[in-house]
Amino acid sequence: MDRKYVPDEVERKWQDRWIAEGLFTARRTDREKFYCLEMFPYPSGRIHMGHVRNYAIGDVIARYKRMRGFEVLHPMGWDSFGLPAENAAIKEGVHPARWTYENIAYMKKQLIRLGLSYDWSREVTTCSPGYYKWNQWFFIKMYEKGLAYKKASFVNWCPSCLTVLANEQVIDGKCWRCDSDVVQKELEQWFLRITRYEDELLQACDTLAGWPENVILMQKNWIGRSEGVEAVFKIDGQEGSLLIFTTRADTLFGARFLCIAPGHPMAAKLVSDKAALEEVKRHYGKMEEKHGLFTGHYAINPVNGDKLPIYAANFVLMEYGTGAIMSVPAHDQRDYEFAQKYSLPVKVVIKPAGGGPLPEGKAFEEEGVLVDSGPFTGLESAAARAEIAKALEEKGLGRRVVNYRLRDWGISRQRYWGTPIPMLYCEQCGIVPVPEEDLPVVLPENVKFTGKGGSPLAESQDFVNAVCPKCCGRARRETDTMDTFVDSSWYYVRYCSTEDEPALDKENIKYFMPVDQYVGGVEHAVLHLLYSRFFMRVVRDLGISGVSEPFQRLLTQGMVCMETVKCPEHGWIYPSEAKDGKCAKCGRPVERGRTEKMSKSKKNIVDPNQLIGAYGADTARLFSLFAAPPEKDLEWSEKGVEGAYRFLQRIWALVYGNLEKLKAAKSTPQGVSPLVRKTHQTIMRVTRDIERDYHFNTAIAGMMELMNMLASVEPDDKNAGEVRFAVERLLLLLSPFCPHVAEELWEAIGMPPSIQSQPWPEYDEDAAREEEIELVVQVNGRVRAKIMVPQGLPDEMLKEKALADPKVKEFTSGKEIAKILAVRGRLVNIVVK
RNA sequence: GCGAGAGUGGCGGAACUGGCAGACGCGCUGGACUUAGGAUCCAGUGGGGCAACCUGUAGGGGUUCAAAUCCCCUCUCUCGCACCA
């Protein structure tokens, strides 16, 4: 009867049953669907607490929606291409495929051990040919539509390893392996024309009602739309001209010189000292002191004919606008700094509208009133911009344009472990896509991983040598692979069909898309989400789906944090290595650092395996959900975990301690007792807290309150029915959070499994309402009395009762009552003078 | 620098549209049961005061019968972008 709670035993039992019974498979039905998705992990080896939190949140939502009667699609997979696998191959000699698939097998076990309710028949593994075939297919479709193209672009290059480096392999401008200085090397690379959708992607941001404000803002800023004008500056005494972009046409009369990017085509033409130009290029794009070089030429300001010197400058970006700017040192801080360094003149053309003074020693960048600006003098900035733009357009020397910060998406990677870009270079026909029927272009397995030289694929002659599908002549295969963000840009579409079904089944996609709830970390707020929004539109424009926005609602969960401990001798140490404020190794007093995101380097990590081993998956889930609302950072606390465990123990003890009485009782409460009322209130609260932005922490608090009340009720013949009623409801409410305990106890009290297939409990609003309420009486805003009154009395009665209260009289006697207010039948405030 | 968000007990966090500040959990204090307690149960727990009461949501001002919540200023922290012309 007094069975002990052994989480491991209970959890494995139910995990096996759920899988055997296929409770979590989704299929197309007449019911309304709910697509619940969590960002799939990179198979790094083992899961971390961040995954536990992310997937616990998603699992509660999926299980809750199932109980609410939805056909829930809740899939999981592996973002399994990427650099770490290749690094492991270089360092340890394991093949990336083996390394990856072993990691996947292990991590899958871990996820199952957490009791997550996934439909594994839809498992996606991006490094499998069956998946990346479709990356290639999309690529070819995009190539046909002009959405994929090739152009020269810079990569990080290590001159010692003779290899391209990813951004994360460049540490402080040096190679991660050999510490050599990294240089920029120009290569031909493939790009996806996301900019074709820039305007739509920006506009549609305002339709993302279910997204957090900050993420929408980050998307908008990333796209970075700005309105301005392009103006033509003729070059003095020479053929040709320079086109510049500015958002501040109102400062055009203040231009004192022009700056062009060192890589600008005109730079090479205008500058005779090539070595000096190279020097400027060396500093290009670096956040440091500005470097410039006078080209020896002048340009003519189209509005007033001023002759302005032309400089090549490191801070002017070739990728934005036209790669050339007009420099207005009086009204742009960057130009000001440049002018200071090269002793160039400054001309003020804007003054503060209020007539205040100009700042000293820096540029005045705000808007104001124009001075010294010819016919435009006296206009305000906004009006002047319009007028000057008009004047330029009339002269044919300029036009209004909109510029975006967003660049096309460079997807070429000089790596092995990624999707081969399905292109051929034919000696006769040039660039030729691999025919659809020849897909996938499979990664060859027998390649060497040295970490040196070019891409491993380029070394594989079997791979490189190909036949042109057009002319049957000799062709060379593209050896670059795709950015792994391509893989994750459409995996949610792939999930709509099972592994056995066609990959892009329109009917399946129509039924399941879009994702109703997406859950993941903020670190993907910009790139992954933007690329996915782009890809969804491509899928749409290929006629595969009618959906434009892939993710209806987005929840970005906070980080999992823990305190850090530092020893003066040993550096960061695990909290367990500190005893009584001293380092266990050397005995020196430790320094308590701040609470930070869990990371291996800071040694402030908790291993999910150990956690589950000690307390079970239900406790791990419960604590992750209870300690903070999902969107906020969560501070890990061993004591807090124990508290969560204790809560489950108490429920367990409650059921097993009264098992016979509970089993014998019928769940038919007689009337509305305090326990029955509390039960209805709890159902109401938990439901509301879940519906209101998934505030699981308060929902769990509500269940704890009900548990506390249950613990104070000793079941006897009279009340056994209502206790059983409360216990049943409590288990139902608990089941999305701690599914194993809920199942086990549900079965224990004699209910047929599975609790997962039960409907979400209903509440009775009348039964939930208190018969008596505590009326708060304030005098001049201060609480002076609390009186129990029947529910629903009219305001006049409440005021009367309040005034009659002896305590209140003490504060009102002899004073003039100015006003009495009653608020929602719960509070009365008496204002006296 | 620009943009966004946050600041509530010893700690994590509650408080729906302005209406009892501190739900729930942790910790702490006292008690019970115990050979024992780092198990369990009961009671208490923002600060000050014997008390009636006073005071309290980063700091300062304001609106209101009433402010953690709304408005203005200041400070601190976190995040994002960062030479985008």
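Phe 191 has Gly 410 in strand β19 as its bridge partner. This is a predicted model, in which local features need pLDDT of at least 70 and side-chain atom pairs count only at pLDDT 80 or more, whereas totals for chains, interfaces and linings use all residues. Residues are numbered from 1 along each chain as its sequence is written, chains are lettered from A and ligands numbered from 1 in the order in which they are written, and side-chain values use heavy atoms, with hydrogens and water left out. Helices (H or I, at least four residues) and strands (E, at least two) are DSSP runs, numbered from the N terminus.

**The open sheet**

- Four strands make up an open sheet in the order β6-β5-β9-β19, with antiparallel pairing, where two strands pair if DSSP finds at least two bridges between them.
- The edges of this sheet are β6 (163-165) and β19, each of which pairs on one side only.
- Three bridges connect β5 with β6 in the antiparallel sense, and within this pairing Trp 157 has Val 164 in β6 as its bridge partner.
- Strand β5 (residues 148-158) and strand β9 (residues 183-192) are joined by ten bridges and run antiparallel, with Asn 156 standing opposite Gln 184 in β9.
- Strand β9 is also joined to strand β19 (residues 409-410), through two bridges and again in the antiparallel sense.

**Salt bridges across the sequence**

- Side chains of opposite charge can pair when their charged atoms come close.
- The structure holds 54 salt bridges, a salt bridge being a side-chain nitrogen of Lys or Arg within 4 Å of a carboxyl oxygen of Asp or Glu.
- Lys 13 and Glu 744 form a salt bridge through their side chains, at 3.0 Å from N to O.
- Because Lys 13 belongs to helix α1 (residues 7-21) and Glu 744 to helix α25 (residues 739-748), this pair ties together parts that are 731 residues apart in sequence.
- Lys 13 is partly exposed at 27% relative accessibility, while Glu 744 is buried with a relative accessible area of 4%; buried means under 20% relative accessible area, exposed over 50%, and partly exposed in between (1.4 Å probe, protein chains only).
- A salt bridge also joins Lys 307 and Asp 236, whose closest N and O atoms are 3.4 Å apart.
- That pair links distant parts of the chain, with Lys 307 in strand β14 (residues 307-313) and Asp 236 in the loop between β10 (225-235) and β11 (241-246), 71 residues apart.
- Lys 307 counts as exposed at 51% relative accessibility, and Asp 236 counts as partly exposed at 32%.
- Arg 677 and Glu 770 form another salt bridge, with 3.8 Å between the closest N and O atoms.
- Here too distant parts of the chain are linked, since Arg 677 lies in helix α22 (residues 674-691) and Glu 770 in the loop between α26 (765-768) and β34 (772-779), 93 residues apart.
- Arg 677 is buried at 9% relative accessibility, whereas Glu 770 is partly exposed at 36%.
- Arg 3, Glu 9, Lys 13, Arg 17, Glu 744 and Glu 747 are joined into one network by salt bridges that share partners.

- Ser 532, in helix α17 (residues 527-541), is buried with a relative accessible area of 0%.
- Apart from its neighbours within four places in sequence, Ser 532 is in contact with Ser 488, Ser 489, Tyr 492, Pro 550 and Phe 551, contact meaning heavy atoms within 4.5 Å.
- Ala 711 is part of helix α23 (residues 696-711) and is partly exposed, with a relative accessible area of 44%.
- Between Ala 711 and Arg 650 there are 61 residues of sequence separation and a C-alpha to C-alpha distance of 8.2 Å.

**Chain A as a whole**

- Chain A has 28 helices and 37 strands in its secondary structure, and its C-alpha trace spans about 105 × 85 × 65 Å along the principal axes.
- Of the 833 residues in chain A, 53% are buried.
- Among contacts in chain A with a separation of 6 or more, 71% are between residues 24 or more positions apart.
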